[in-house]
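Here are my notes for a first look. Please keep the sequence and the model open while you read.

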Amino acid sequence: MPYVDGLRCRECGRTYPSEALHVCDWCFGPLEVVYDYGAIKAAVSREAIGAGPLSMWRYADLLPAASEGAVSLGAGFTPLVRADRLAAELGLRELWIKNDTVNPTGSFKDRVVSVALTKAQELGFKVAACASTGNLANSVAAHAAHAGMESIVFIPADLEAGKVVNTAVFGGRLVAVEGNYDDVNRLCAELAGEHPSWAFVNVNVRTYYAEGSKTLAFETAEQLGWSCPDHVVVPVASGSQLTKVAKGFKELWEVGLLDEEPHVRISGAQAAGCSPVAQAFAAGRDVIKPVKPDTIAKSLAIGNPADGPYALDAVRSSGGGFGSVSDDEVVDGIRLLARTEGIFAETAGGVTIGSLVQLVERGVVRPDERVVALVTGNGLKTIEAVSSHCRPTATIAPTLDAFAAAIEIPED
Amino acid sequence: MAVTIRIPTQLRPIAGGSSTVAVEGATVGEVLKGLEAAHPGFHERLFDEQGNLRRFVNVFVADEDIRFLDGIDTPVAAGSTVSIVPAVAGG
């Protein structure tokens, strides 16, 4: 049973019932779930969580939807991989990769969609919809298929082929919109007003949806033996994931699951071609000025990030920083992670690793810190980004001589 | 010829339930003043105490975000559409 008291506006504090509402009627500020932390504290324990399902739903008491009958393909409880070889290249003592590439549809979006559609079904919705840069599209279409809901998914028309196919295969309606993500998002904001019977996961049920990202923090702490990292590097598109990861660590303390109060520094990762939050951080501004995205990291290409101000606050208040990487650095980041750790990330992961490299070089991420980098999407979805670099070492005739001529073998 | 303002769901009660309102004005600021004159109550919802547009209010002129144009001083041609849209997110 969720411990939810209602919803509250993050800007003006007005309160609302726990319904399909995402924005304050008064000031348009985003709504936030209000929990009864006292009741959660009395109910949760490390033991009970440890005995729970091997998915994000082991943290159901800290989520705004009931785990019974949850719409789940098994998202979450992904590996936290000790990355000693990458750490050595970067000069870090202790580095971990939260490998969220292995979620059911290949990205962290399965976490937020599982919460969103569970809540949507609770509220009686039959249709799932979203505006997406790709990963969310894959996840909404898949979870809707699994739950027997209809889906209507909106994407920019220029998305990577892998992301289009990985959505359309699930059989829902897929609408490619001529424009960038911000155009799609705006269309969906207006459509959500016209079609209140649709659960737009990142519009009218976004308040619940966003909470799913907290499970990245919950799992990271549990997998580190119920302790927190010193520094986390998180990719930033809308800024929601970073904001919720910060919240997740604080909630674990609030409900008594940690021995020590966490002081996690949070750093953001953006592509230079779409870095409105990183730019505001660098300029010392509180206001996020939207940008027109131009980057191969399409999953992060949100020029008008709704949670940008909150992500900025979370980074500033925790003493973190921002990376902002070129397309070449994105590709280098993907290849570096793959070469050193055997994890193939999509472009957003390249942004995260490229930003980690920058943050280490600038001394923001320090060598003595316990660092976690969130790698949140699978490289098979964006092979275009690296395909020109990733070719067979040689193409040969099927003979020993041809092999010997083409491939240099190290001495045994 | 007037300018058409598209009203988001949350604000339609102020406009008697209408999804669009036609007003006169040559800039975004003037058009929003015209909206307040026609249906009092809009101003305090769209602007903060300092008189700036609230940070979660997005305004578009002919489908372009006014933060890419001249903000509240952005010119509005007769016959065009001004949309008020709550900020959302996703990705």
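Which element supplies the largest share of the lining of the second largest pocket? The points below take this up, then turn to the other pocket and the cores. Bear in mind that this is a predicted model.

1. The answer is α7(A), with five residues of that lining. Chain B takes part too: β5 of chain B, like α7 of chain A, supplies at least two residues.

2. The second largest pocket holds about 430 Å³ of space. Its lining has 23 residues, and the closest to its centre are A:His22, A:Ala192, A:Gly193, B:Thr9 and B:Gln10. By class, the lining has 13 nonpolar, five polar and five charged residues.

3. Now the largest pocket, with about 760 Å³ of space. It is lined by 39 residues; A:Pro290, A:Asn304, B:Asn58, B:Asp65 and B:Arg67 are the closest to its centre. Two or more lining residues come from each of α7 (181-194) of chain A and β3 (57-61), β4 (64-65) and β5 (81-86) of chain B. Here α7(A) gives the most, with five residues. The lining divides into 20 nonpolar, seven polar and 12 charged residues.

4. The largest nonpolar core has 77 residues, and A:Leu117 and A:Val201 touch the most other members. Helix α4 (residues 109-122) of chain A gives the most to this core, with six residues.

5. Look at A:Val201 in detail. Beyond its neighbours within four places in sequence, its contacts include A:Ala116, A:Leu117, A:Leu136 and A:Tyr209.

6. A second, separate core has 49 residues, among them A:Leu95, A:Ile152, A:Ala192 and A:Leu359. A:Ala192 was also listed for the second largest pocket, among the residues closest to its centre.

Key
Residues are numbered from 1 along each chain as its sequence is written. Chains are lettered from A and ligands numbered from 1 in the order in which they are written. This is a predicted model: local features need pLDDT of at least 70, side-chain atom pairs count only at pLDDT 80 or more; totals for chains, interfaces and linings use all residues. Side-chain values use heavy atoms; hydrogens and water are left out. A nonpolar core is a set of buried Ala, Val, Leu, Ile, Met, Phe, Trp, Tyr and Cys residues joined through side-chain atoms within 4.5 Å. Buried means under 20% relative accessible area, exposed over 50%, partly exposed in between (1.4 Å probe, protein chains only). Helices (H or I, at least four residues) and strands (E, at least two) are DSSP runs, numbered from the N terminus. Contact means heavy atoms within 4.5 Å. On a 1 Å grid over the protein atoms alone, a cavity is a set of points where a 1.4 Å probe fits but cannot get out, and a pocket is an open set with protein on both sides within 12 Å along at least five of seven lines; lining residues have an atom within 4 Å of a point. Grid points are joined across faces, edges and corners, and a volume is the space filled by probe spheres set on the points. Ala, Val, Leu, Ile, Met, Phe, Trp, Tyr, Cys and Pro count as nonpolar, Asp, Glu, Lys and Arg as charged, and the others, Gly among them, as polar.
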